[in-house]
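Please examine the sequence and the model shown here.

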Amino acid sequence: MYQERTRTVFVGIASSLILSACASVNPAGLIAASRLDPVNTAPAEIAVALGVPETLRLRDGDAVFRIVFESEDPDARSLVDETVPLLVRQIDDSGPLPSAAGEIVYTARFAPEDAVRIAEAQAKIRAFRAQGIEGQGTLGVMVDGGCVAGPALGALPVSTWLQTNPEAGFVNLTRRQDVFKTLDERNAKALRAQLAPCDDQGG
């Protein structure tokens, strides 16, 4: 499983988000993330977009969303750790434009039952904070599958966008980077193995 290495980090209930240090972070995305309140934003208002090579076909469940809240005690287990599959759709006029030639963009949202799971995770985090429990949280978007319509991918450039208000547009969070180069040999090999040829070579 590949997880986009730039994670959105939040501390507290109503505090701003910051992005962990990463060369691929878009400065505009950093500013946008600082305005997001991930524990109080309704799941229905959260959408992500992923830019991948145009020969990579993503379907429902090929991308997942994870929300984590960890205690400040390094020896303690995560207090909240919820991962749900995403419903993915090829981009239309409502989403961001590709950031480079040969890129296709997918938008992703929660199915109703999974939005409930995210809402429950948010409620747990708020409850922990109300009890005075300090911690740090992360949001992550992971590519968990897909098929390739064409030759095997020699590189896997990925870029990401975030939307937290249906009235607002998507903001580019991470610049395009080759995921294979960010992973160690074992994980890169595992990811390549997950990206099998499409049955019909058309997705």
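The model is predicted: local features require pLDDT of at least 70, side-chain atom pairs count only at pLDDT 80 or more, and totals for chains, interfaces and linings use all residues. Residues are numbered from 1 along each chain as its sequence is written, and side-chain values use heavy atoms, with hydrogens and water left out.

Strands (E, at least two residues) are DSSP runs numbered from the N terminus, and two strands pair if DSSP finds at least two bridges between them.

At the β8 end of the order, four bridges join β8 to strand β9 (residues 103-109) in the antiparallel sense, and Leu-87 has Arg-109 in β9 as its bridge partner. Strand β12 (residues 157-163) is joined to β4 (residues 47-53) by five antiparallel bridges, with Gln-163 as the bridge partner of Ala-47. Five bridges also pair β12 with β13 (residues 171-178), again antiparallel; Trp-161 stands opposite Asn-172 there.

How many residues of β12 are buried? Seven of its seven residues are, where buried means under 20% relative accessible area (1.4 Å probe, protein chains only). One side of β12 carries Pro-157, Ser-159, Trp-161 and Gln-163 and the other Val-158, Thr-160 and Leu-162, so that both faces are covered.

A further open sheet is formed by three strands in the order β5-β11-β14, with mixed pairing. Because β5 (56-57) and β14 (196-197) stand at the edges with a single partner strand each, one side of each is left without a neighbour in the sheet. Two bridges join β5 to β11 (residues 147-148), and these strands run antiparallel; Leu-56 stands opposite Val-148.

The structure holds one disulfide, a term used for a pair of cysteine sulfur atoms within 2.5 Å. The disulfide joins Cys-147 to Cys-198, with an S to S distance of 2.0 Å. Cys-147 lies in β11 and Cys-198 in the segment after β14, so the pair ties together parts that are 51 residues apart in sequence. The link of Cys-147 and Cys-198 is right-handed, with 90 degrees about the S-S bond, and both cysteines are buried.

Key. Buried < 20%, exposed > 50% of the residue type's maximum accessible area, 1.4 Å probe, protein only.
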